[in-house]
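Visitor: Could you walk me through this one? I would like to start with the overall layout and then look at some individual side chains.

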Amino acid sequence: MPEEIKERLSKMEYDKVGEMLLELIAECPFVPKDAKIKYNSKDVGKCVYIITTGGGLKKKYISGSFTAEIGLQIAYQSFPQGNGQMINAQAVVDNIANWLEDVENLPKLTGNRTITKITANNSFPNVEEVEGDKATVFAVNVVMEYYKKGA
């Protein structure tokens, strides 16, 4: 098995992938209608947000093609009251992650990039307090692999 190349992705790569992820998440039927969708930021109120956690080239080819992966964290911020609402809030992020793993026709990225695989881990909670207001954030770590065809 060839050794993987550990090379950072460029800002342009992150931007291209970020644009596509926003479009993809906007299509997800499990995103609550009243939640804003953000990339590398979050908003006040209910919000689904995508944070990039790093990535790199996995393999470079002589043709200029490469395979790469980007780590992501997908989170849902809400204000659940009680166990039932907590369970439902965690289900939102779990359902989004499961949907991403199961999307059959993954969109093509720009510039001859094609998503090859999305895998997600288990979700986890985090309680945040801002000016006395407590929000619960459920998040899941995701890895998206893609291929870029060379010239």
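Predicted model: local features only at pLDDT ≥ 70, side-chain atom pairs only at ≥ 80, totals over all residues.

Visitor: Fine. Which residues of the Phe66 and Tyr146 pair are buried or exposed by that scale?

Guide: Phe66 is buried, and Tyr146 is buried as well.

Visitor: Let's step back, then. How many helices and strands are there in the protein?

Guide: The protein has two helices and eight strands, and from the N terminus on they follow the order β-α-β-β-β-α-β-β-β-β. Of its 151 residues, 39% count as buried, while the accessible surface comes to about 8,900 Å², with 50% of that belonging to carbon and sulfur atoms.

Visitor: And what share of the contacts comes from residues 24 or more positions apart?

Guide: Among contacts with a separation of 6 or more, residues 24 or more positions apart account for 61%.

Visitor: What about the largest nonpolar core, how many residues does it have?

Guide: The largest nonpolar core has 34 residues, and Ile74, Ile96 and Met144 are those with the most contacts inside it. The elements that give it two or more residues are α1 (11-27), β3 (47-60), β4 (66-78), α2, β6 and β8 (133-148), and α2 supplies the largest share, seven residues. Another core, of five residues, lies apart from it, and Cys47, Tyr49, Ala75 and Ala139 are among its members.

Visitor: What does Met144 touch?

Guide: Leaving aside residues up to four places away in sequence, Met144 touches Val17, Met20 and Leu21, then Ala68, Glu69, Ile70 and Leu72, and finally Ile115, Lys117 and Ile118.

Visitor: Back to α2. What span should its 21 residues have?

Guide: At 1.5 Å a residue, the 21 residues of α2 (residues 82-102) should span 30 Å, and the end C-alpha atoms are 30 Å apart, so the two values agree.

Visitor: Which residues of α2 are buried?

Guide: Those are Ala89, Val92, Val93, Ile96, Ala97, Trp99 and Leu100. As background, an α-helix has 3.6 residues a turn, so residues three or four places apart point the same way.

Visitor: Where does Gln90 lie, and what does it touch?

Guide: Gln90 lies in helix α2 and counts as partly exposed because its relative accessibility is 26%. Not counting residues up to four places away in sequence, Gln90 touches Ser123, Phe124 and Phe138. The C-alpha atoms of Gln90 and Phe138 are separated by 5.6 Å, although these residues are 48 residues apart along the chain.

Visitor: Why does Ser123 count as buried?

Guide: Its relative accessibility is 14%, and the buried class takes in residues under 20%.

Visitor: New topic: how many aromatic pairs does a search of the whole structure find?

Guide: The search finds two aromatic pairs. In one, Tyr61 and Tyr147 are edge-to-face, at 6.3 Å centre to centre with 65° between the planes. That pair links distant parts of the chain, with Tyr61 in the loop between β3 and β4 and Tyr147 in strand β8, 86 residues apart. Tyr61 counts as partly exposed at 34% relative accessibility, and Tyr147 counts as partly exposed at 30%.

Visitor: What about the rings of Phe66 and Tyr146?

Guide: Their centres are 6.4 Å apart and their planes lie at 70°, so this pair is edge-to-face. Phe66 in strand β4 and Tyr146 in strand β8 are 80 residues apart, and the pair likewise links distant parts of the chain.

Visitor: Last one: what is the phi of Asn40?

Guide: Phi of Asn40 is near 55°, a positive value in a residue other than glycine. For context, most residues other than glycine have a negative phi. Asn40 sits in the loop between β2 (36-39) and β3 and counts as partly exposed, with 38% relative accessibility.

Note on methods:
Residues numbered from 1 in each chain as written. Heavy atoms only, no water. Buried < 20%, exposed > 50% of the residue type's maximum accessible area, 1.4 Å probe, protein only. Helix = DSSP H or I, 4+ residues; strand = E, 2+ residues; numbered from the N terminus. Expected span 1.5 Å × (residues − 1). Core = buried A, V, L, I, M, F, W, Y, C linked by side-chain atoms within 4.5 Å. Contact = heavy atoms within 4.5 Å. Areas by Shrake-Rupley, 256 points an atom, 1.4 Å probe, with all protein chains shown as cover. Phe/Tyr/Trp six-rings, centres within 6.5 Å; stacked < 30°, edge-to-face > 60°.
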